Amino acid sequence: MPKPISLPLYEKLPLKNTVQRILDTSIFFLLLSLLAYRILSHHSNGFTYLLASFCESWFTFVWVLILSSKWNPVEYRTYPERLLLRVDELPPVDMFVTTADPILEPPIITVNTVLSLLAVDYPANKLACYVSDDGGSLLTFYALLEASKFAKLWVPFCKKYRIQTRAPFRYFYDEGESPIDDSVEFLGEYTKMKDEYEVLRRKIEDATEKFIPLDVGAEEYVAFSNIERRNHPSIIKVILENKEGVVDGLPHLIYISREKRPNYPHHYKAGAMNVLTRVSGTMTNAPLILNVDCDMYISNSQMVFHALCLLLGSKNEQEFAFVQAPQSFYDGIRDDPFGNQLVALLKYMGDGIAGLQGYFYSGTGCFHRRKILYGLCPDGCMETGGRNPNWIGGKLTDEGLLKSFGYSKELTKTAERILTGLSGKADCPHDLSSSAEAANQVADCSYECGTSWGTKIGWMYGSTAEDILTGLTIHARGWRSALCNPDPPAFLGCAPSDVPSTLIQQKRWATGLLETLFSKSNPFIATLTANLQFRQCLAYIWVLSWGLRSIPELCYAVLPAYCIITNSHFLPKVDESTLLIPAGLFAIYNLHSLLEHHKIGLSFRTWWNNQRMGRIVSTTAWFFGFLNVIMKLLGLSETVFEVTQKDQPSTPGEDNNKDVDQFTFNESPILVPATTLLFVHLAAMVKALSDLNYGSHELRIGELICNVWMLLCLLPFLKGLFRKGKYGIPSSTICTSAALAAVFVHLCKRVSVA
């Protein structure tokens with residue numbers, strides 16, 4: 001029972017943003033003025049003004065969404081030192097780590113994430129770490145097995161000396177880290193620990209390079225013999241087990257590779273998360289769940305306590321469904337050349353959305369209440385009638401349990417305990433192997449057939465962005481969420497290190513977000529028929545419409561070149577006073593964006609890189625995401641979950657800083673739109689220069705400025721035309737883009753003649 005104490009576990013603090021509101025509102029009124037100008041002048045202008053009106057109407061709509069989302073920023077301040085004064089017993093936490101491909105996600109990265117979780121500041125008998133390996137990789141299992149041996153040294157070392165960074169590859173090799181103690185005892189243990197980690201790292205890397213052949217005939221590896229990645233039975237291995245329930249021991253560590261068969265859909269990451277939820281439900285059944293991606297190690301050793309302040313300190317411990325930590329990244333390239341660190345975006349939009357119904361679920365670094373993943377509404381436990389016919393006297397009937405959770409008696413029993421406010425297992429076994437049969441049963445690929453998994457309970461199916469869809473479903477039930485951003489950051493992950501990986505990631509996001517927007521669970525329906533708040537609905541529409549934004553972005557990017565080539569206009573002429581409207585809008589928007597970056601300590605070059613990548617991403621990755629969803633809606637293809645390449649941690653002596661900020665290219669078609677845009681704007685520039693003799697350029701000064709702006713944004717692609725190797729654009733992409741640009745210019749000339 002909570003102890004009577006008046007000190008709160010957290011505070012919700014509104015943030016002052018008067019200047020930001022003024023600038024945001026000024027931009028909004030300038031957008032309205034531009035639309036008014038379009039309406040008043042549409043009779044005397046043609047196609048270009050009509051297209052510009054469409055694009056600017058969309059930009060105004062998006063700005064309304066942004067304005068609403070940013071208007072009331074808040075931050076949550078937590079007081080973990082008060083937690084033990086407030087509660088008698090800390091709740092158990094199940095920790096989920098997901099990986100899918102040992103090539104794209106090197107096992108050494110997964111190992112470091114797992115080690116950081118095992119060493120977190122929390123009673124070890126309250127923790128269990130489950131690792132989902134969707135690749136069914138012997139290499140990943142071997143790496144975890146070896147890491148478990150190192151963990152027996154690493155975890156006590158971290159807790160003895162209160163080490164803050166508990167991922168070994170960061171602690172030993174990050175220049176910002178240094179030994180905290182100069183005593184002989186500490187330095188001796190530090191050196192020993194570093195040597196032990198080096199042995200572990202070399203073993204895993206040698207196995208990865210096949211210098212050490214793994215014996216699949218060995219007892220612990222026999223389950224991996226003769227299996228195919230997409231066709232194998234479930235494999236569940238208990239690697240570490242805290243049988244005695246020792247507080248300062250090691251948490252449980254369980255490896256899971258769910259069953260996969262060609263004739264059964266596996267629903268990508270959402271399916272893996274649901275298997276983790278069911279397996280953990282049969283084994284430990286903690287009321288709280290933390291899920292992280294394999295590259296997202298815990299950076300703040302007190303993070304569990306910070307999250308509990310919000311989960312246990314809210315009204316009747318019921319207000320927040322989940323606590324999300326913002327994504328932060330380690331080894332971020334200086335000035336964010338690929339625009340994928342998202343610092344300013346997460347800061348301003350994140351704080352603003354946190355002030356509404358709550359921040360989105362981002363797929364990693366999130367603490368969930370298990371009972372809410374099981375489909376409970378804020379008043380669900382007290383419901384005695386109407387809402388759900390399977391509820392009688394405040395409890396879910398046996399028939400309802402079986403219909404929702406499946407035929408596993410073990411799982412339905414533990415689910416009932418969670419839904420009625422209890423936790424753990426009724427018999428509280430210390431031997432996890434006693435749950436092996438039930439765990440394998442619920443990991444079966446056919447287990448979900450006829451149940452509510454993926455539709456009403458667990459992680460939601462129907463989108464490759466399972467995180468946003470699941471969070472939206474939870475918010476639609478009336479729950480709130482909290483954004484927890486302690487210092488140091490809660491988790492640190494690996495951002496894509498090149499342009500192709502960045503664009504693939506953005507394409508996957510845009511695809512999944514647009515799938516959610518076009519689904520039956522979209523925010524419009526959730527607001528009208530469920531309990532999603534209106535402004536939270538607007539915030540969801542802002543993020544879900546990224547794919548749709550590619551069309552007006554692409555059209556607007558082409559317009560200046562089209563007008564120059566066809567001797568037409570989409571902006572007021574230089575002698576018209578109305579030119580001040582788009583000129584003022586351009587100046588104030590960029591100044592406002594620059595001030596936002598400066599306010600949080602980001603450089604001018606970071607601002608410019610984000611502006612540049614904003615144009616590139618919207619016209620390439622988002623456009624391909626839009627096409628993917630259209631193809632799916634037409635029944636021509638299905639969307640595919642593409643895993644982003646994670647870079648293996650560097651070691652001393654490696655020169656990984658050379659040219660890391662340079663654009664690299666490959667033969668992916670995702671680069672074709674930007675390269676085509678480059679050729680089109682180069683053609684327009686040539687046309688503008690050829691017109692200089694006639695003085696006609698003065699009448700299209702606005703279009704010329706936009707043309708130069710686009711060429712500056714595409715400057716890395718221009719450099720790529722003249723470079724070789726990975727820094728040069730492949731000839732196939734150049735030929736395809738040149739042909740498309742030539743067709744566009746030819747059509748423009750025909751329109752001009754007509």
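User: Happy to start at one end of the sheet: which residue in β13 stands opposite Q324?

Analyst: This is a predicted model, where local features need pLDDT of at least 70, side-chain atom pairs count only at pLDDT 80 or more, and totals for chains, interfaces and linings use all residues. Residues are numbered from 1 along each chain as its sequence is written, and side-chain values use heavy atoms, with hydrogens and water left out. Strand β9 (residues 320-324) and β13 run parallel and share four bridges; strands are DSSP runs of E, at least two residues, and helices are runs of H or I, at least four, numbered from the N terminus. In β13, the residue opposite Q324 is L483.

User: Nice. Which strands are the edges of the open sheet?

Analyst: The sheet is open, has mixed pairing and holds eight strands in the order β5-β6-β4-β3-β7-β10-β9-β13; strands pair if DSSP finds at least two bridges between them. Those that pair on one side only are β5 (235-240) and β13 (480-483).

User: And what angle does α15 make with β9?

Analyst: Helix α15 covers residues 466-476 and lies across both β9 and β13. Axes are lines fitted to C-alpha atoms, for helices over the stretch in contact, with angles from 0 to 180 degrees between N-to-C directions. On that basis, α15 runs relative to β9 at about 145°.

User: Let's turn to a loop. Which residue's side chain makes a polar contact with that of Y161?

Analyst: Y161 sits in the loop between α5 (138-160) and α6 (168-173), and at 11% relative accessibility it counts as buried. Beyond neighbours within four places in sequence, Y161 is in contact (heavy atoms within 4.5 Å) with I180, E185, F186 and E189. A polar contact is a pair of N or O atoms within 3.5 Å; within protein, one must be able to donate a hydrogen and the other to accept it, and residues adjacent in sequence count only if both atoms are side-chain atoms. At 3.0 Å, the side-chain partner of Y161 is E189.

Note on methods: Buried < 20%, exposed > 50% of the residue type's maximum accessible area, 1.4 Å probe, protein only.
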